Amino acid sequence: MDIGTLLGLISGVIFVFIAIMLGGDFMGFVNAPSALIVIGGTVSVTFIMFPMGVVLGSFKVALKAFFSRSPNPKLVIDEVVALANLARKESLIALERATISDKFLKKGVMLVADGTEERLVRTILETELSFTQQRHRQGQGVFRGMGAMAPAFGMIGTLIGLVNMLQVLDDPTAIGPGMALALLTTLYGALLANLAFIPISKKLEERSLEEVTIMEMTMEGVMSILRGENPRLIQEKLESFVPPALRQ
């Protein structure tokens with residue numbers, strides 16, 4: 001679990017709640033029509049912007065922002081170096097017997113063990129990498145789009161509230177609810193966008209960058225094994241992908 005994401009979201013909600021309680025009555029900030037306009041409108045237009053499967057899948061992808069740990073490049077480097085030693089001591093065919101935990105690494109190693117030429121191995125792995133990035137961008141785009149639409153529907157709710165208020169200026173008791181609708185929809189839209197949708201989109205972007213970097217490092221390791229490079233040289237090469245603090 002990513003404690004930072006969960007802590008940031010919870011602390012943001014708590015600070016807003018405390019600010020509301022210090023300034024007045026919490027129930028005065030609860031308005032069902034405002035929430036309906038912002039949440040309903042944002043979800044509806046999201047289904048217009050993106051295919052249904054992408055939208056539904058993005059909510060599953062969002063769990064990575066909370067429950068996915070950053071990949072450990074050192075483990076990947078150690079596994080690649082071990083495979084390089086195996087190939088050097090025995091043969092590339094011996095790699096078929098190796099137990100490999102990472103799916104992308106396993107795919108590349110199996111191609112090498114099958115005697116696939118270097119150019120084709122690189123093409124296949126680069127295609128896998130490219131489509132992984134594309135899938136990641138879809139999930140990020142959904143939350144980025146929701147982050148843009150939530151404030152927009154907040155403004156729509158504000159206009160609706162102002163229109164309702166102007167229609168009943170002769171009734172002082174109706175002015176308050178109309179003004180509440182006008183102001184709270186803007187508040188709800190801003191909170192959802194800046195406390196949830198946009199931060200989640202950014203966290204997914206960072207997760208994608210980490211995963212893609214590991215995949216690029218893995219691909220370079222596979223190509224090095226195929227070329228029969230020295231395992232020590234392979235380790236030095238792969239460690240250039242990671243920060244000095246994570247190197248052996």
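## Packing of helix α3

The buried residues of α3 pack against α2 and α7 (118-167). In this predicted model, local features need pLDDT of at least 70 and side-chain atom pairs count only at pLDDT 80 or more, while totals for chains, interfaces and linings use all residues. Residues are numbered from 1 along each chain as its sequence is written, and side-chain values use heavy atoms, with hydrogens and water left out.

Val-54, Val-55 and Ser-58 are the buried residues of helix α3 (residues 52-61); buried means under 20% relative accessible area, exposed over 50%, with a 1.4 Å probe and protein chains only. Seen down the axis of α3, these residues fall within an arc of 100°, so they line one face of the helix. Met-52, Gly-53 and Lys-60 are exposed on the other side of α3.

## Ser-34 in helix α2

Ser-34 lies in helix α2 (residues 32-49) and counts as buried because its relative accessibility is 0%. Leaving aside neighbours within four places in sequence, Ser-34 is in contact (heavy atoms within 4.5 Å) with Ala-180, Leu-181, Leu-184, Thr-185 and Tyr-188.

## Helices α6 and α8

Helix α6 (residues 103-113) packs with helix α8 (residues 172-227) at an angle of about 20°, and their axes are 10 Å apart. That angle makes α6 roughly parallel to α8, a term for angles under 35 degrees.

From α6, Phe-104, Leu-105, Gly-108, Val-109 and Val-112 meet Met-215, Thr-218, Met-219, Val-222 and Leu-226 of α8.

Definitions and conventions
Helix = DSSP H or I, 4+ residues; strand = E, 2+ residues; numbered from the N terminus. Arc of directions from axis to C-beta. Axes fitted to C-alpha atoms, helices over the stretch in contact; angles between N-to-C directions. Parallel < 35°, antiparallel > 145°, perpendicular 65-115°, else oblique.
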